[in-house]
Amino acid sequence: MKIHFIGIGGIGISGLAQYMHFQGHEVSGSDISDTVITQKLRKLGITVTVPHNASAITNQDLVVHSAIIRPDNPEIIEAKAKGIEVLARREALLQILNTSKVYAVAGAHGKSTTTAILTAIMEGSAIIGAESKAFGSNVRYAPQSDVMIFEADESDGSFINSNPHCAIVINAEPEHMEYYDYNYELFYDSYRTFISSAPCRVLNAEDKFLSTLIGKIDAIWLYPSRDITNIEYILINDEPHTRFTFKNFGSFDVWGFGKHIALDAALAILAANESMDIEEIRKNILTFKGIKKRFDIVGTQEDTVIIDDYGHHPTEIKATFESVREYALLKGFDKITAIWQPHKYSRTIDNLEEFINCFEGAQELIILPVWAAGEASRDIDFKEKFKRYNLTMADKITRANNTITIIKDKEALKTLDKGLIIGFGAGDLTYQIRGTA
């Protein structure tokens, strides 16, 4: 088939595009601007048009678009005029995953990490919502296997169409509620549909919503507070690892710090244990090396460590911050600086009180402008709301070697070159903090 992906620069759409390319289909795509992802796709031989343009639609058999693409997009209009089938990503999943044995990982937080850990443990293809540092991509193609390890997305309801053989749910905390019109029953019904569609289910019994399903459905239940014990944080070759005892399976080491890392790993272990020996799982999990933009150590020297983290919800930031404090303690740092680029006005306003509390332990907090992600601007008084912190409002940061400069009104306010510095956000902060912006 000839398949065109609109919004191909997004992590989710790019994953599907790469997978179909590896399967032998003729793939093209478009996006609003060039990014690291679009450049990588071109290197694979995929034609990418920037920006969107009707001329990109020629004789394709199918056009797939991401959730944020509007009906008035010139490529959608052109495709429909030519009689080419047009599907949203969530609709296309029914065709793309219909022949695979899918291990689908869902939840508000921890999806990418859990999916990447499961990918390290099991053989098979994988599509992850972040780049696995073990193989330098968000896609692994294994044509010899019918297994697909898939990060299932609830943000547009597409996880319902992921054809799960095994549904793995870390948590079901309300998120992306704008898609569900802030209807909580609709949101939870989507999770019920996803879970009930899979013959194998691995669920967190201590999640508020998932716990209501105990006794109503057959599942492999994880009780983190009793099943995961003896958690300790260690450095292996100066890299962060969590060591924990899991049920009667013995001890496991997994890359990263935090109780949430142990929980993610435990769910992956239970899912893999359906078809794999526990000793093979214990060995394979050591090949997990973290994922890009999740506690991603992007700069280090004797008195400074710089970390990039994708956390953009207060629950994620709070969990990561616990890991940050542990890491700073082991490294002997007495200063933690947090740089936050809020992601979406709606998310920031909906969770403002939680955001105010999730940076506890930071000796300094720097807040950058909201990354709007297409939303209209709304007033948020960050200076007043976050006044209890040692706060700096800034426009952007720049980096040279291991020194970060804080910029406001095109002037350098200060430099950071000591202690642990961590950036949180799902916008372009990842490029700023890496010095590639």
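In this predicted model, helix α11 (residues 345–350) contributes three residues to the lining of the second largest pocket, the largest share of that lining. The volume of this pocket is about 280 Å³. Its lining is formed by 16 residues, of which Pro174, Glu175, Met177, Asp350 and Asn351 are the closest to the centre. When the lining residues are divided by class, seven are charged, five are polar and four are nonpolar.

Two helix pairs were also examined. Two packed helices are described by the angle between their axes and the distance between the axes. For helix α5 (residues 111–121) and helix α8 (residues 259–272), the axes come within 9 Å and cross at roughly 45°. The two helices α5 and α8 are therefore oblique to each other, and the crossing in which α5 passes α8 is right-handed. On the side of α5, the contact involves Thr113, Thr114, Ile117, Leu118 and Ile121; α8 supplies Ile261, Asp264, Ala265, Ala268, Ile269, Ala271 and Ala272. Nine residues of this contact between α5 and α8 are nonpolar, two are polar and one is charged.

In the second pair, the axes of helix α1 (residues 11–22) and helix α4 (residues 89–96) come within 12 Å, with a crossing angle of roughly 25°. Because this angle falls under 35 degrees, α1 and α4 are roughly parallel to each other. Their crossing is left-handed. Gly12, Ile13, Leu16, Tyr19 and Met20 of α1 make the contact with Arg89, Leu93 and Ile96 of α4. The contact of α1 with α4 comprises six nonpolar residues, one polar residue and one charged residue.

Key:
Residues numbered from 1 in each chain as written. Predicted model: local features only at pLDDT ≥ 70, side-chain atom pairs only at ≥ 80, totals over all residues. Heavy atoms only, no water. 1 Å grid on protein atoms, 1.4 Å probe; cavity = no way out; pocket = protein on both sides within 12 Å on 5 of 7 lines; lining within 4 Å. Points joined across faces, edges and corners; volume = space filled by probe spheres on them. Helix = DSSP H or I, 4+ residues; strand = E, 2+ residues; numbered from the N terminus. Nonpolar A, V, L, I, M, F, W, Y, C, P; charged D, E, K, R; others polar. Axes fitted to C-alpha atoms, helices over the stretch in contact; angles between N-to-C directions. Parallel < 35°, antiparallel > 145°, perpendicular 65-115°, else oblique. Left-handed = near helix turned anticlockwise from the far one by under 90°. Contact = heavy atoms within 4.5 Å.
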